[in-house]
Protein chains: 2
Amino acid sequence: MIGRITTDRAQPDTTVLGPGDDSAIVAAADGRVVACTDVLVEGVHFRLDWSTPEQIGRKAAAANLADVAAMGAVPTSLLVGLACPSATPAAALEQIADGLWAEASAVGAGLVGGDLTSGPVLVVSVTALGSLQGREPVLRSGARPGDRVAVCGRLGWSAAGLAVLGRGFRSPAALVNAHRLPEPPYAEGPAAALAGATAMIDVSDGLLADLGHVARASTVTVRLRSRAFTVAPRLAEIGSALGLDPLRWILTGGEDHALVATFPAETGPPGGWTEVGVVEAPDDGGPAVTVDGRPYDGDAGWSHFAG
Amino acid sequence: MIGRITTDRAQPDTTVLGPGDDSAIVAAADGRVVACTDVLVEGVHFRLDWSTPEQIGRKAAAANLADVAAMGAVPTSLLVGLACPSATPAAALEQIADGLWAEASAVGAGLVGGDLTSGPVLVVSVTALGSLQGREPVLRSGARPGDRVAVCGRLGWSAAGLAVLGRGFRSPAALVNAHRLPEPPYAEGPAAALAGATAMIDVSDGLLADLGHVARASTVTVRLRSRAFTVAPRLAEIGSALGLDPLRWILTGGEDHALVATFPAETGPPGGWTEVGVVEAPDDGGPAVTVDGRPYDGDAGWSHFAG
């Protein structure tokens, strides 16, 4: 079955040896390989009535490919461990494979290995490998007081889509599809590294939570300005319809896998990024993330954007 | 929790960047990295009443580390994706981590990344990375007529242990423990590569099944001599006690992760390996594996070893 998932596919040049032997071999041109793993479990991370098998495969790939991009690296390959009920149709497994391949191919990576076994629910464990192409990795620990904070990619769309699905709706399609399938700005990771990014992380748990990792690792305080965030009309509309503040989705929603990075004040972020705040030395309370000068309490409300 | 699994551990020199950022970075000195993935599912691959969490961790690591060794490579690192019921004690997870670390450390590798999530049963998905150290990989497809076939490591012990456990016994301990914890001859993989091995595979599904992969990939017939296999006294005893032929365990039992390789006739295998057969051109029926000149039907019986 793994053979059907991985054969008859065009492997990229970085695949020295594809699937079919005990192990695969992947090029790691500069003598280092970037590697990360993410697990998606049916009923925890996805529902088969909300997402197609192909979307699940793409999402599992995206979560890992974004982690590679957030190091400033370029993904080279994926390996997948699949557990699924024995009654799972072969077509569903092939669609998962299609999804993994679609997302990997979009960034020039291949699916080089895997393992398929039975299990009580569908579990998709993906490992992504990547190349730094000779660059130094952009870590969470490099932010310095004075740096500018910038984001790239969608924020809050997946959370808004989940809110819509959770209330039994299937539209707006743009938001629901954003939950089903993130669109991380993969190429912006290496671009940010080239532009001198001092720290970077992908937004998987929510912007404030993930910037909290940067703040603690760098021993800094990140100060965000809420007015710097653009609220897309679709987010504003559905927030109004559901009586929810879209800023909460933007600041705390996960799974969009946007990138957030810090850049030296002199240069700032490259084009395509939106500046949303600054890095300062931590105050007596230690590293923190603030919104408009305060810890975010989520009570700003919709009116926050009305003025 | 993943932090507790991976922090305060001594990483090997090959770990350029350990856990804690978006991705890990592992040395790949010769510009290539060997990579493989294996998934173990509770109730399918292990039972929590038959194995300790540490044994499960070690076994999950061993299955992958053996795949790296079977390429002639040296393992450098593991990444682990864990799904487990939310009621799983933290101590059990730490013991799984202990097991992963114990097996990895034994071969000089580190645990560099992971992901932990909830799920209905325990699922352990491990990815191993390795270094070829400038050597060419030993593939399944390299066996040539005239080569000698040799094995290294235990064969049939895990299957015998499983037979014992399945009948409700807990001894002989040596066999039961062999099922709980394989002991692949990791170092013999690179040693075989240096000795000129033409093809190699680790025995995960059973010697005949795995040599079948070699035969098909190499388009050859592998002819084994049953008398070349040493039947350990413990295997003979328990075979006699259960009324089963230990040769069946040796030829068809999986999960011991012994290595089987083919070597040029001129040189043969290095010390520590046991010659068990030869490689020939396939006959009209195509690539095959034979035992004493015939397809193995499992009916040779205990008396086979009596003469």
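A crossing of two helices is left-handed if the near helix is turned anticlockwise from the far one by less than a right angle, and right-handed if clockwise. The views below are taken from a predicted model.

**View 1. Packing of helix 4 against helix 8 in chain B.** Helix 4 of chain B (residues 157-166) packs on helix 8 of chain B (residues 233-242) at an angle of about 35°, and the two axes lie 11 Å apart. The crossing of helix 4 of chain B with helix 8 of chain B is left-handed. From helix 4, the residues in contact are Trp157(B), Ala160(B), Ala163(B) and Val164(B), which meet Arg234(B), Leu235(B), Ile238(B) and Leu242(B) of helix 8. This contact comprises 7 nonpolar residues, 1 charged residue and no polar residues.

**View 2. Crossing of helix 4 and helix 5 in chain A.** The axes of helix 4 (residues 157-166) and helix 5 (residues 173-180) of chain A come within 7 Å and cross at roughly 110°. Angles of 65 to 115 degrees count as roughly perpendicular, and these two helices of chain A are therefore roughly perpendicular to each other. Helix 4 of chain A contributes Trp157(A), Ser158(A), Ala160(A), Gly161(A), Leu162(A), Val164(A) and Leu165(A), whereas helix 5 of chain A contributes Ala174(A), Leu175(A), Val176(A), Ala178(A), His179(A) and Arg180(A). By class, the contact has 9 nonpolar, 3 polar and 1 charged residues.

View 3. A distance of 7.1 Å separates the C-alpha atoms of Asn177(B) and Gly161(B), which are 16 residues apart along the chain.

Terms used
Residues numbered from 1 in each chain as written. Chains lettered and ligands numbered in written order. Predicted model: local features only at pLDDT ≥ 70, side-chain atom pairs only at ≥ 80, totals over all residues. Heavy atoms only, no water. Axes fitted to C-alpha atoms, helices over the stretch in contact; angles between N-to-C directions. Helix = DSSP H or I, 4+ residues; strand = E, 2+ residues; numbered from the N terminus. Parallel < 35°, antiparallel > 145°, perpendicular 65-115°, else oblique. Contact = heavy atoms within 4.5 Å. Nonpolar A, V, L, I, M, F, W, Y, C, P; charged D, E, K, R; others polar.
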